[in-house]
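Hi there,

Here is the structure I promised to pass on to you.

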Amino acid sequence: MYTEQKGGEAMIHILVVDDDNNTRLFLRAVLEGAGYTVSTAIHGKHALEIMDKTHIDLVVLDIMMPEMDGYEFTKTLRESENNMPILMVSAKQLPSDKHKGFLVGTDDYMTKPIDDEEMLYRIKALLRRAKIANEHKIEIGDVVIDYDSLTVSRGDEVQELPQKEFLLLYKLLSYPGKIFTRIQLMDEIWGADSDTGWETVTVHIGRLRKRFEGWNEFSIESVRGLGYKAVRKA
């Protein structure tokens with residue numbers, strides 16, 4: 001579970017799993033420099049031993065390791081229904097290697113040599129999505145979007161949305177800045193087999209904009225020729 005509290009990234013514990021000592025030292029330095037608490041392991045079995053004793057929020061994982069490689073480690077976690085965010089970091093660059101990583105259950109995949117700034121951005125995104133998934137809530141400033149009650153609240157103001165409107169808003173705000181086409185949104189919210197036309201998405205976007213006009217914490221923007229994206233402003 002995502003455990004960030006007031007006080008910053010130091011409350012977040014990341015486990016680096018890599019059999020190369022220099023890589024472990026480099027990743028530890030980058031992550032601790034960003035304010036995270038870091039533990040390291042030399043292979044998958046060692047990582048599991050650490051996780052038995054220590055709460056871990058996210059794993060940065062190499063693939064080619066002795067004892068237990070990254071694929072087997074990830075498969076083991078997912079088969080035990082552990083949904084902790086995993087970022088695979090590997091020198092293996094073939095599409096088939098990446099495909100295998102995603103098939104066994106990794107959340108993201110980067111190839112070496114690592115761009116440390118990009119890695120930190122990816123980690124923040126994974127932690128944010130993990131928090132959303134665990135708590136079923138998105139918080140933007142004083143606004144709370146609650147999946148379980150289909151409500152959007154700000155202070156004493158509470159709006160209960162029709163299901164499709166809520167799911168559309170929740171999807172967009174779960175991935176701020178990401179552009180979704182109308183067809184993508186149609187398939188995800190209404191289902192690929194729905195007889196409803198994609199114009200329905202446009203209608204619902206219009207309703208959401210009208211409902212939340214004057215709410216400065218977020219907006220839904222049209223991207224000409226592509227679709228829509230949500231922008232968080234708080």
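This is a predicted model: local features need pLDDT of at least 70, side-chain atom pairs count only at pLDDT 80 or more; totals for chains, interfaces and linings use all residues.

Residues are numbered from 1 along each chain as its sequence is written, and side-chain values use heavy atoms, leaving out hydrogens and water.

Let's start with the helices (DSSP runs of H or I, at least four residues, numbered from the N terminus). Helix α2 (residues 44–53) packs against α3 at about 35 degrees, with the axes 9 Å apart; axes are lines fitted to C-alpha atoms over the stretch in contact, and angles run from 0 to 180 degrees between N-to-C directions. Here G44, A47, L48 and M51 of α2 meet F73, T76 and L77 of α3, where contact means heavy atoms within 4.5 Å.

Helix α3 (residues 70–79) also comes within 8 Å of helix α4 (residues 95–104), axis to axis, and the two cross at roughly 20 degrees. That makes α3 roughly parallel to α4 (angles under 35 degrees count as such). On the α3 side the contact uses Y71, T74, K75 and R78, and on the α4 side D97, K100, G101 and V104.

Now the strands (DSSP runs of E, at least two residues). Strand β11 (residues 218–223) pairs with β12 in the antiparallel sense over six bridges; pairing takes at least two bridges found by DSSP. F218 stands opposite R232 in β12. Three residues lie between β11 and β12 in their hairpin, and G225 in the turn has a positive phi of about 80 degrees.

Enjoy exploring!

Conventions
Angles under 35 degrees count as roughly parallel, over 145 as roughly antiparallel, 65 to 115 as roughly perpendicular and the rest as oblique.
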